[in-house]
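Welcome, and please open the model in your viewer. We will go from stop to stop, selecting something at each one.

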Amino acid sequence: MEAATARKIRVVVAKPGLDGHDRGAKIIARALRDAGMEVIYTGLHQTPEQIAETVIQEDADAVGLSILSGAHMTLVPRVVEILAEQGVDDVLVTVGGTIPAEDIPTLKELGVAGVFTPGSGTDEIVEFIRENAAARHEGDGEHSQ
Amino acid sequence: MATEPRQKPPMEREVEFSTMSGHPIEPLYGPEDATADPGSEIGRPGSYPFTRGPYESMYRGRMWTMRQFAGFGTVEETNERFHYLLDHGQTGLSTAFDMPTLMGYDSDHPRSHGEVGREGVAVDSLDDMEGLFEGIPLAAVSTSMTINAPAAILLAFYVLVGEKQGVPAEKLAGTIQTDILKEYIAQKEWCFPIEPAMRLVTDMIEWCSDRMPRWHPVSISGYHIREAGSTAQQELAFTLKDGFTYVERAIERGLDVDDFAPRLSFFFNAHIDFFEEIAKYRAARRIWAREMRDTYGAKREESMRLRFHAQTAGVSLTAQQPLNNVVRTSLEALAAVLGGTQSLHTNSFDEALALPTEDAVQVALRTQQIIAFESGAPNTADPLGGSWFVEKLTDEMEAAAYDYFARIDELGGMVPAIRSNFPQREIADAAFEYQRAVDERRRIVVGVNDFTREDEPETQILRIDPTLEGKQRDRLAATRAGRDTGAVEASLQELKRAAATDQNLMPPIIEAARARATEGEMVAAMQDIFGTYTESPVF
């Protein structure tokens, strides 16, 4: 009997804080959608609380935080913290934006799986999410017979 | 008149020969491409239609203003950077505010946490503004302020700093960006819904035309539209259309076009596709002149003369091999100069990663000085005028802009177009197309998708001291503690009362600012009347 059609990877693309630079986030959102994923773009000016709520409500497999305002070391840890408080520990967290190299290790220690800095290719990001988010559903039970 | 058939081009490389905006470029341009009526279409600098420049003497009369955008931390750090830049030869100030200030939040608002002083300087009250301009004589230095939704408040602060220095408002020279339409389109910094925001813009134009003859109350901008990913043609069209919309609103208010139009100014991107940018600026001047005269009935030449500030393209900077950015910025700056800019900011080579260090911004400023004093570019007006290529490209840019004007008019104008997400979608599509071209290496970005290196050396970048947020919160607490709360309350009530009428809001804003109402308090008071704005994004 054929296995059920694989569930589409669900990705929330989010803009935390007051940062209005949405060019990259929109490009990634569209590329992920073109690559066959379900994309929820939160729009601008999201608090960490709002982002976590969206991730949970949308049953997201991954969340991409796009941030170019320099406020990433406050906002990213807060999103990770709230997800943990809510008992959500299996969502792939990625960050894109103007992240200085010296901040990357700290973000990774917090549980951010991938950090994409200026010059990152779209395909690279799509593949990263595809490979690392899919792993989260490998152990799922059958969806249907 | 028969034209010669174009020569078959020699064997060409397998690349698309187009501008970065996708505009096709011919192998050769010649007399057959010349403008049909150069006398009236090209003319002379300083005369209608100003294609060749707004002034007859251009840089022989006065060099462009070297005006580096600066701001970070608290007013103390930024005041220090202002002095550094002035000491190193810049000729005008340009102020970058932090995200909370841009969005109308005080530094102690929950949404401000982590953002204070990061993207610019934190200004919460008149006390901060006084500190920002410590030791800087506003009678002698012109200042540009990049702020939009709360612009009226920052202008009030600036006027009051001038007043304290003994400089009356009518002597103050400078610019405040104020261009709210491009916020909804591209920069995305808003406080209020579109109509109340437009009312504030018209209030500022009206008030300044009466009280501040040396001030530009709006800087109608394409820079941010381009940074968001638009083509050069879209940048040109959307910027000018925004400008026409402000003109229409001011005329509807009952202002005489010749009373306010001379003080409208513009702000364009200076991107890396050299000739396209030069053509863009020339087309902008010609279109603005024609429309101001023929559509809006301007009689004074000053009303038809488009003057602009340019900034080299932030999005062109790479994090990889950052020294390459010095080259990019140089080419972009030269394009702006050859295109006749009145004022110029050059990006620093480290800005793909962070705000600029002192050393990096020095190189950026020197770039302008080398162009100004070593290259010979300023010696004559519109040096590329008459180039078959540049004139043809100018004509084509103009035609592309008019196509967009027609499409926007079909939607009912720029405000309805924004509400229906038209410019936003055009920008998102153009941005996506460009990224695909880069991903597929149809467009090369040196150091990023070609000519790369594995081992990137460390670049020293500017780190914002995180304790500055606490320092700013202390400044704000001191302001709150030191003021007459009764007077503040009364001034905010008066502001709310006025906001609910159609009176000009500059006077009540100035009074509230004088009483040490904070920016956040004034914005919140107006939001009580106006409401707020949320976009419905398209991607």
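Before you click, one term: two residues are in contact if their C-beta atoms, placed from the backbone, lie within 7 Å. This is a predicted model, in which local features need pLDDT of at least 70 and side-chain atom pairs count only at pLDDT 80 or more, while totals for chains, interfaces and linings use all residues. Residues are numbered from 1 along each chain as its sequence is written, and chains are lettered from A and ligands numbered from 1 in the order in which they are written.

**Stop 1: chain A**

Select chain A and colour it by secondary structure. Helices (H or I, at least four residues) and strands (E, at least two) are DSSP runs, numbered from the N terminus. Chain A holds 5 helices and 5 strands, and along the sequence they read β-α-β-α-β-α-β-α-β-α. Of its 145 residues, 48% are buried, that is, have 20 or more other C-beta atoms within 10 Å of their own, again placed from the backbone. Among contacts in chain A with a separation of 6 or more, 75% join residues 24 or more positions apart.

**Stop 2: the two domains of chain B**

Now select 31–58 + 65–122 + 149–439 of chain B as domain 1, and 467–530 as domain 2. These bounds come from an automatic or database domain assignment. The C-alpha centres of the two domains of chain B are 29 Å apart. Where they meet, 28 residues of domain 1 are in contact with 22 residues of domain 2. On the domain 1 side, helix H6 (151–164) and helix H8 (194–211) of chain B each give two or more residues.

**Stop 3: helix H14 of chain B**

Select residues 324–338 of chain B. How far apart are the end C-alpha atoms of this helix? They are 22 Å apart, which agrees with the 21 Å that its 15 residues should span at 1.5 Å a residue (the expected span is 1.5 Å times one less than the number of residues). Its buried residues include Asn325(B), Arg328(B), Glu332(B) and Leu338(B). Show what covers the buried residues of H14(B): included are strand S8 (264–270), helix H12 (274–294), strand S9 (308–312), strand S10 (343–345) and helix H15 (358–373) of chain B. After H14(B) comes Gly340(B), with a positive phi near 85°.

**Stop 4: Ala70(B)**

Finally, pick Ala70(B), in strand S2 (residues 69–70) of chain B. Is Ala70(B) buried or exposed? Ala70(B) is buried, because 23 other C-beta atoms lie within 10 Å. Leaving out residues up to four places away in sequence, Ala70(B) touches Thr78(B), Arg81(B), Phe82(B), Leu85(B), Ser94(B) and Ala96(B).

Methods. Buried ≥ 20, exposed ≤ 12 C-beta atoms within 10 Å, placed from the backbone.
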